[in-house]
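Please brief me on this protein model.

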Amino acid sequence: KPYGSATMLVTWTPEHGVPNAAKLHAHVPGAKADLELAVSGVLEEATCAFKQKKVDFGNAAVGAVKDFEITLENTGDVAAVCTMEIPGELSDCVTCSHDRFRLAAGQTQPMTLLLKATDPRKLDGYVVCDVRGCAPLKIKVEGTAIVPDVRIAREEISFGDEEPAPLVFDFASQFVGFECRRRVVLQNASEIPANLILDLSNHPDFDAEPCKPRDEPAPAPATQARPTS
């Protein structure tokens, strides 16, 4: 309005490698020249570092979840704004507990990386932390996702008076309402745990459950010698 004024808010969002000085122009239609305002800022560089040298998941089972804790430390004198990124080669099997956070000077931020692979693979990549005001940080990620070697035991294992568990279950000839049971032993021949799911939804006449360990027989009471007269 005539003889009025307008207050403008100028916001600076600094980024690494971008000039910290510029000129703003206000264009007035019909004026010979634009109004010019020089702006500049001082960007104090934030410095952060991972405490771990690398992330090594070792051997992990396909389909199982394995975690690894990492810690980011602000080693500088100013606060840092950090954004965690999982590059494409790891994005389908690795997640991070933190996405974006502010880290005060001298403070640390623990985070958890979760690995859940859906197929066998060798992990070879980096998790990236973008820190506003400095170059991105990277931490190496290694590991191998393998399928556990689970098999039906071929040894003849005896369960008391019961027959050894066969590889082919033969329930013989039964009648309606009768319940017949067979035991089977599964062995994990690999160096990693295995998570098993037995799906009998298409066979409602069958059910399965883990066997309970048998109780050990109680030891016989000790006999004491009778004193001789």
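The briefing below goes from the overall fold to single residues.

This is a predicted model, so local features need pLDDT of at least 70, side-chain atom pairs count only at pLDDT 80 or more, and totals for chains, interfaces and linings use all residues. Residues are numbered from 1 along each chain as its sequence is written, and side-chain values use heavy atoms, with hydrogens and water left out.

**Overall fold**

- The protein chain has 13 strands and zero helices. Both are DSSP runs numbered from the N terminus: helices are H or I with at least four residues, strands are E with at least two.
- Read along the sequence, the pattern is β-β-β-β-β-β-β-β-β-β-β-β-β.
- Contact means heavy atoms within 4.5 Å. Among contacts with a separation of 6 or more, 60% join residues 24 or more positions apart.
- Of the 229 residues, 21% count as buried. Buried means under 20% relative accessible area, exposed over 50%, and partly exposed in between (1.4 Å probe, protein chains only).
- The protein chain exposes about 17,700 Å², with carbon and sulfur atoms supplying 52% of it. These areas come from the Shrake-Rupley method with a 1.4 Å probe; for residues, only the protein chains shown count as cover.

**Nonpolar core**

- In soluble globular proteins, nonpolar side chains tend to be buried together.
- Here the largest nonpolar core has 31 residues. Such a core is a set of buried Ala, Val, Leu, Ile, Met, Phe, Trp, Tyr and Cys residues joined through side-chain atoms within 4.5 Å.
- F50, L72, C82 and V131 have the most contacts inside this core.
- Leaving out residues up to four places away in sequence, F50 touches I70, T71, L72, M84, M111, C129, L137, K138 and I139.

**Cysteines**

- A disulfide is a pair of cysteine sulfur atoms within 2.5 Å. By this rule there are zero disulfides.
- C96 is in no disulfide; its nearest cysteine sulfur belongs to C129, 8.7 Å away.
- C129 is in no disulfide either; its nearest cysteine sulfur is that of C82, at 4.4 Å.
- C129 counts as buried because its relative accessibility is 0%.

**Aromatic rings**

- The whole structure holds one aromatic pair. Rings of Phe, Tyr and Trp (its six-membered ring) pair if their centres lie within 6.5 Å; planes under 30 degrees apart count as stacked, over 60 as edge-to-face and the rest as tilted.
- F57 and F68 form this pair, which is edge-to-face, at 6.1 Å centre to centre and 70° between the planes.
- F57 is in strand β4 (residues 54-61) and F68 in strand β5 (residues 66-74), 11 residues apart.
- F57 counts as buried at 1% relative accessibility, whereas F68 counts as partly exposed at 23%.
- The charged end of K138 sits over the ring of Y126, 5.7 Å from its centre. The rule asks for NZ of Lys or CZ of Arg within 6 Å of the ring centre and within 35 degrees of the ring normal.

**N74 and T47**

- N74 is found in strand β5 and is buried, with a relative accessible area of 1%.
- Beyond four places in sequence, residues touching N74 include T47, C48, A79 and L103.
- T47 lies in the loop between β2 (35-40) and β3 (48-50) and counts as partly exposed at 33% relative accessibility.
- T47 and A79 are 32 residues apart in sequence and 9.0 Å apart in space, C-alpha to C-alpha.

**Backbone note**

- Y3 is not a glycine, yet has a positive phi of about 60°.
- Y3 is found in the segment before β1 (21-26) and counts as exposed at 90% relative accessibility.
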